[in-house]
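Hello,

Here is the structure I promised to pass on. Please open it first, then read my notes below.

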Amino acid sequence: MDLNGKKIAILATHGFEQSELEVPRDRLKKAGAAVDVVSLASGEIKGWDKKDWGRPVQVDKTLDQAAATDYDAVVLPGGQINPDLLRVEAKALKFIKDIFEAKKTVAAVCHGPWLLIETGIAKGRKMTSYRSIKTDMENAGAKWQDAEVVVDQGVVTSRNPGDLEAFSAKIIEEIKEGRHTQRSAV
């Protein structure tokens with residue numbers, strides 16, 4: 001168990017792409033990490049599974065209960081709805097930015113990098129995303145690449161559900177490396 005003693009936050013709300021929350025969550029737990037689903041409100045959040053609503057997932061902590069100092073990394077699932085709802089929430093953006101500024105791992109897949117645009121993290125970094133937001137990423141100053149996983153000093157990004165195994169493996173690797181002290185702040 002490579003990640004024993006490590007604690008990971010998956011920040012999501014309604015409309016997260018089902019597999020983009022569940023696959024990393026399950027791989028991180030299998031690697032020994034404690035994983036909390038963190039959201040805007042308590043209870044359950046409902047996923048989006050390809051073309052219709054998916055299964056609900058239990059929220060472990062609300063943003064009001066979660067502190068960036070408690071976590072070694074944050075994972076940001078995509079789907080179109082989830083990151084669009086989160087990117088207008090100041091508490092969500094602060095949580096992500098606090099983890100980033102502590103030089104911990106930040107990982108986003110699909111439309112999740114919209115949150116990295118809103119926090120300023122995307123600027124000047126090598127990244128990927130779902131292809132429909134490539135222009136958004138480039139306009140925000142990201143150096144966009146079409147690859148299954150792109151890493152820039154502990155910021156991990158992937159394109160879509162087909163990349164989830166590589167995405168999850170890279171998150172585990174980056175967390176094992178520890179804080180990314182060479183990373184500059186935004």
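Start at W48, which is partly exposed at 24% relative accessibility. Keep in mind that this is a predicted model.

**Aromatic pairs**

There are two aromatic pairs in the structure. One joins W48 and W53. Their ring centres are 5.0 Å apart and the planes meet at 85°, so this pair is edge-to-face. W53 is partly exposed too, with a relative accessible area of 42%.

The other pair is Y71 with F95. It is also edge-to-face, with 5.9 Å from centre to centre and 75° between the planes. Where do the two residues lie? Y71 is in the loop between β5 (61-62) and β6 (73-76). F95 belongs to helix α3 (residues 90-101). The pair therefore ties together parts that are 24 residues apart in sequence. Y71 is buried, at 1% relative accessible area. F95 is buried as well, at 5%.

**A charge over a ring**

Look next at R87 and W114. The charged end of R87 sits over the W114 ring, 4.1 Å from the ring centre.

**Around S129**

S129 is in the loop between β8 (126-127) and α5 (134-139). Is S129 buried or exposed? S129 is buried, because its relative accessible area is 1%, and buried means under 20%. Its side chain makes a polar contact with the side chain of W144, at 2.9 Å. Leaving aside neighbours within four places in sequence, S129 also touches other residues, among them C110, P113, M137 and R159.

Best wishes

How values were computed: Residues are numbered from 1 along each chain as its sequence is written. This is a predicted model: local features need pLDDT of at least 70, side-chain atom pairs count only at pLDDT 80 or more; totals for chains, interfaces and linings use all residues. Side-chain values use heavy atoms; hydrogens and water are left out. Rings of Phe, Tyr and Trp (its six-membered ring) pair if their centres lie within 6.5 Å; planes under 30 degrees apart count as stacked, over 60 as edge-to-face and the rest as tilted. Buried means under 20% relative accessible area, exposed over 50%, partly exposed in between (1.4 Å probe, protein chains only). Helices (H or I, at least four residues) and strands (E, at least two) are DSSP runs, numbered from the N terminus. A charge sits over a ring if NZ of Lys or CZ of Arg is within 6 Å of the ring centre and within 35 degrees of the ring normal. A polar contact is a pair of N or O atoms within 3.5 Å; within protein, one must be able to donate a hydrogen and the other to accept it, and residues adjacent in sequence count only if both atoms are side-chain atoms. Contact means heavy atoms within 4.5 Å.
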